[in-house]
Amino acid sequence: MPERHCITIIDMLNDFIGPKAPLRCPGGEAIVPNLQRLVKWAHEHENVRVVFVQEAHRKNDADFKVRPVHAIKGTWGSDFIPELRPDEEKGDYIVQKRRHSAFAYTDLDLYLREEGCDTVVVTGVWTNVCCRSTASDALYRAYKVIVISDCNASATEEMHQSGLRDMALFAEVITLDEYMKKYDYL
């Protein structure tokens, strides 16, 4: 079976991206062009899938005991930013989550197994929280993990670098250009 990658685009949502975002990830706007390039590239490669991960909380979610209320399911804040939306006609899949990891209590693992994916490529926001949690959980489930450094962002450069440093212990951390060149055979 050929190698098959799944690009996970984590939480590129209105509540995290843009000047009106209540939990704005300042670096988030900067990675949008790279993510757009990556999605276009993925759609051109037979053995690459794209999953848009969407935080979608209940109104009284336990997560709000430790963080401000955000990304309530069905609200503007939980919706994808206009510049980066799933394209179901091209096979993009949406995974809704209520915890940091895209694997926690979701069907992401089932989707990956059904699609024959052996590699999880982590992108999105926050590098040191949701992206790192997803990467760790991918490793725990025996997937190869790749983190695209310039397709991840956090509140500060220090937080971003800290998340990348942590993930480099168990994942391949490379730039977008390096990824597209190295894995163009997919």
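Biologist: Which elements do the buried residues of H4 pack against?

Modeller: This is a predicted model, and helix H4 spans residues 157-167, where His160, Gly163, Leu164 and Met167 are buried. Because these residues cover an arc of only 100 degrees around the axis, they sit on the same side of H4. The elements that the buried residues of H4 pack against are helix H3 (127-140), E5 and strand E6 (172-174).

Biologist: Which exposed residues does the face of H4 turned away from its buried side carry?

Modeller: The buried side of H4 includes Leu164 and Met167. On the face turned away from that side, the exposed residues are Glu158 and Arg165.

Biologist: Is Thr134 buried or exposed?

Modeller: Thr134 is found in helix H3, and, leaving aside its neighbours within four places in sequence, it is in contact with Ile10, His100, Ser101, Ala102 and Phe103. A residue counts as buried under 20% relative accessible area. Because the relative accessibility of Thr134 is 0%, Thr134 is buried.

Biologist: How many of the residues of E4 are buried?

Modeller: In general, side chains in a regular strand alternate between the two faces of the sheet. In E4, Thr119, Val121, Thr123 and Val125 point one way, whereas Val120, Val122 and Gly124 point the other way, and all are buried. The strand is thus mostly covered, and the number of its residues that are buried is seven of seven.

Biologist: Which residue of E5 does Val122 stand opposite?

Modeller: E4 pairs with E1 in the parallel sense over six bridges, and there Val122 is the bridge partner of Thr8. E4 and E5 also pair in the parallel sense, over six bridges, and E4, H3 and E5 make a right-handed β-α-β unit. In E5, the residue that stands opposite Val122 is Val147.

Biologist: What is the omega of the peptide bond from Val125 to Trp126?

Modeller: Val125 is among the residues of E4 that are buried, while Trp126 is found in the loop between E4 and H3. The peptide bond that joins them is cis, with omega near -25 degrees.

Biologist: What is the relative accessible area of Tyr105?

Modeller: Tyr105 lies in the loop between E3 and helix H2 (108-114), and its phi is near 60 degrees, a positive value in a residue other than glycine. Ala71 also has a positive phi, of about 45 degrees, and lies in the loop between E2 and strand E3 (93-97). Ala71 counts as buried at 0% relative accessibility, whereas Tyr105 is exposed, with a relative accessible area of 82%.

Technical notes: Residues numbered from 1 in each chain as written. Predicted model: local features only at pLDDT ≥ 70, side-chain atom pairs only at ≥ 80, totals over all residues. Heavy atoms only, no water. Buried < 20%, exposed > 50% of the residue type's maximum accessible area, 1.4 Å probe, protein only. Helix = DSSP H or I, 4+ residues; strand = E, 2+ residues; numbered from the N terminus. Arc of directions from axis to C-beta. Contact = heavy atoms within 4.5 Å. Pairing = 2+ DSSP bridges. Right-handed = clockwise from strand over helix to strand, strands pointing away.
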